[in-house]
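Q: Can you walk me through this one? I have the sequence and the structure open.

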Amino acid sequence: HKHLIDIREYSDTDLMTILETAKAFSQVNERAIKKVPTLKGKTIVNMFNEPSTRTRSSFELAEKRLSADSLNFGGSSTSTVKGESLIDTVMTLNSYKIDMVVIRDKHAGAPYIVTQHSPVSVIDAGDGKHGHPTQALLDLYSIWERKHTFEGLKVGIVGDISHSRVCGSLIPALKIMGAEVTIIAPGTLIPPAPEVLGVDHVSYSLDDALPELDVVYMLRIQRERLEGAPFPSLREYHELYGLTRKREHLMKPDAIVCHPGPINRGVEFDSYMADHPERSVILDQVYAGICVRMAALYLLLGGADNGLAS
Ligand code: CP
């Protein structure tokens, strides 16, 4: 593969190769000296035109640990505020003989535009409501670490499905790997045709769905993408769909809890469940983020030597 934009272009074998490569690179992150020469001489542009904590910091760290040169660029500090288009921005960056663009943008489809105006590999780091493939990879990695298989695994995704770019990549990725996916949300937060993404079941009741689930994947209510006031209100949402201490007895004893971050404590969770020492893998997901991004950078840039022997 040249790009990582549409996870549906990847097979189960491709995805497993990325997870296994990420596992190998986790050794680097455990070492005292966390660096390999794998991508020495490669230049990667991180173009973040929308806010990010996890994705941006882990791409930057992944690039540093692989010895690539990073150019961190984007948003209101660029000449786009003077009216320069994304296309002209990309053509300008091409002149530096770069090797890759990692892009986050509020516009769905922005990574495809970059591929049309640049010869280099492109990674979608989140585009509008469309996709977030490296998020799906880190979610797969975290689930694989705890559950060791995807075949028949029952995964429930709870919350704002309709505004979620995470779902745009995660649901197809889970289906490619053989998991069974239920979405759980009020009708106002379910997209018109969830089956297009590969959803197996739709539930409007968290209490009904919870006892079946091996993985409970909570989503944030995306207030920045809602037009007008959320319905139900955040208080009602927490009452009906919040994963709280009083709902824990409904869960399988070994069910785990995921969230892509950032979390809204008191809305999709209470702190008891968000910080649950056995069930919550939220911070493991953050760690997985650096491992899978190292793997994706290495595999897309055609790395022959992963540098792990050095
Ligand atoms: N999960 C995620 O994409 O987080 P950031 O927006 O902080 O990168």
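Q: Which residues make up domain 1 and domain 2 of the chain?
A: Domain 1 is 7-131 + 289-300, and domain 2 is 133-285. The bounds come from an automatic or database domain assignment. This is a predicted model: local features need pLDDT of at least 70, side-chain atom pairs count only at pLDDT 80 or more, and totals for chains, interfaces and linings use all residues. Residues are numbered from 1 along each chain as its sequence is written.

Q: How many residues does each domain put into the contact?
A: Domain 1 gives 26 residues and domain 2 gives 20. Contact means C-beta atoms, placed from the backbone, within 7 Å.

Q: Which elements supply at least two residues each on the domain 1 side?
A: Helix H1 (12-30), helix H2 (54-65), strand E4 (121-127) and helix H10 (282-300). Helices (H or I, at least four residues) and strands (E, at least two) are DSSP runs, numbered from the N terminus.

Q: New topic. Is Arg165 buried or exposed?
A: Arg165 counts as buried because 23 C-beta neighbours lie inside 10 Å. The cut-offs: buried is 20 or more other C-beta atoms within 10 Å, exposed is 12 or fewer, partly exposed is in between, with C-beta atoms placed from the backbone.

Q: Where is Arg165 found?
A: In helix H6, residues 165-176.

Q: What does Arg165 touch, not counting residues up to four places away in sequence?
A: Gly126, Asp127, Gly128, Lys129, His130, Gly131 and His132. Lys129 is 36 residues from Arg165 in sequence, yet their C-alpha atoms are 4.3 Å apart.

Q: And what share of the whole chain is buried?
A: 43% of the 310 residues.

How values were computed: Two residues are in contact if their C-beta atoms, placed from the backbone, lie within 7 Å.
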